[in-house]
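Please find below my note on the model. It takes the chain as a whole before turning to one group of side chains.

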Amino acid sequence: MISSPFLTGQLLLAMPGIGDPRFERSVIALCSHDEEGALGIGIGTVIDSISFHDVLKQLDIAVGQAPDVAVHLGGPVEPRRGFVLHSRDWNGADTIDVAGRWSLSGTVDVLRAIAGGTGPSRWLPALGYAGWSEGQLDAELTRHGWFNVAGDDAVLFHTPVEQRWEAGFARAGIDPRLLSATGGTA
């Protein structure tokens with residue numbers, strides 16, 4: 001079996017001491033990673049000042065059957081742009097399949113479907129995204145800023161937001177309390 005050097009469909013977990021306060025304890029669902037760069041959606045932090053119903057109302061979409069869930073801070077890039085990470089049982093015109101693990105949609109079609117009760121069975125909304133230019137994520141991985149684990153529906157859709165970082169490490173058999181933000185010398 002040929003292994004890809006790219007991490008599409010995996011979760012990125014911020015290592016302690018990542019050096020960027022915007023990403024402390026971050027969990028990012030990596031939706032695209034290739035030789036041109038990477039794009040991921042943060043799933044480890046929610047935005048307290050806005051709810052899913054608020055988003056629907058701002059877009060003049062009737063709330064309908066949509067539960068009023070938290071909106072995730074997808075990342076620092078384009079924080080007004082919305083995305084929905086969701087199960088693969090719904091497909092819209094702009095939906096991309098993420099390595100056969102989940103899907104990503106970025107238009108109002110998915111929001112209308114969720115409000116109408118015909119959307120994906122599992123989903124989470126986000127504003128903004130994390131983006132890396134060509135080779136940037138690869139360089140950050142060599143500096144031990146990030147740890148990657150296989151994408152997991154349980155972490156993505158069934159683990160409480162505040163527990164996702166620890167759950168990602170636990171998936172790899174690591175207790176994050178034992179990780180250090182600094183290295184020693186020998």
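The points that follow concern a predicted model.

1. Fold content and overall size. The protein chain has five helices and 10 strands. Its radius of gyration is 17 Å, close to the 16 Å that the globule rule gives for 186 residues, so the chain is as compact as a globular protein of that length. Along the principal axes, the C-alpha trace spans about 60 × 35 × 30 Å.

2. Of the 186 residues in the protein chain, 44% are buried. Among contacts with a separation of 6 or more, 68% are made by residues 24 or more positions apart.

3. Surface and charge. The protein chain exposes about 9,700 Å², and carbon and sulfur atoms supply 51% of that area. There are 13 positive and 22 negative side chains in the chain. The centres of these two sets lie 4 Å apart.

4. Aromatic pairs. The count of aromatic pairs comes to six. One of the pairs is formed by phenylalanine 23 and tryptophan 146, whose ring centres are 5.6 Å apart. Their planes stand at 75 degrees, and planes over 60 degrees apart count as edge-to-face, so this pair is edge-to-face.

5. Where that pair sits. Which parts of the chain does the pair of phenylalanine 23 and tryptophan 146 tie together? Phenylalanine 23 lies in the loop between strand E1 (10-14) and strand E2 (27-34), while tryptophan 146 belongs to strand E10 (residues 146-150). The pair therefore ties together parts that are 123 residues apart in sequence.

6. Buried means under 20% relative accessible area. Phenylalanine 23 has 13% relative accessibility and therefore counts as buried. Tryptophan 146, at 5% relative accessibility, counts as buried too.

7. A further partner of tryptophan 146. The ring centres of tryptophan 132 and tryptophan 146 are 6.1 Å apart and the planes are at 85 degrees, so this pair is edge-to-face. Tryptophan 132 lies in strand E9 (residues 123-132) and tryptophan 146 in strand E10, so the pair ties together parts that are 14 residues apart in sequence. Tryptophan 132 is buried, as is tryptophan 146.

8. The cluster. Which residues do the ring pairs link into a cluster? They are Phe23, Trp132 and Trp146. Trp146 takes part in the pair with Phe23 and in the pair with Trp132.

Terms used: Residues are numbered from 1 along each chain as its sequence is written. This is a predicted model: local features need pLDDT of at least 70, side-chain atom pairs count only at pLDDT 80 or more; totals for chains, interfaces and linings use all residues. Side-chain values use heavy atoms; hydrogens and water are left out. Helices (H or I, at least four residues) and strands (E, at least two) are DSSP runs, numbered from the N terminus. The radius of gyration is taken over C-alpha atoms; the globule rule is 2.2 Å times the number of residues to the power 0.38. Buried means under 20% relative accessible area, exposed over 50%, partly exposed in between (1.4 Å probe, protein chains only). Contact means heavy atoms within 4.5 Å. Accessible areas come from the Shrake-Rupley method with a 1.4 Å probe; for residues, only the protein chains shown count as cover. Lys and Arg count as positive and Asp and Glu as negative; His and the chain ends are not counted. The place of a charge is taken as NZ of Lys, CZ of Arg, CG of Asp or CD of Glu. Rings of Phe, Tyr and Trp (its six-membered ring) pair if their centres lie within 6.5 Å; planes under 30 degrees apart count as stacked, over 60 as edge-to-face and the rest as tilted.
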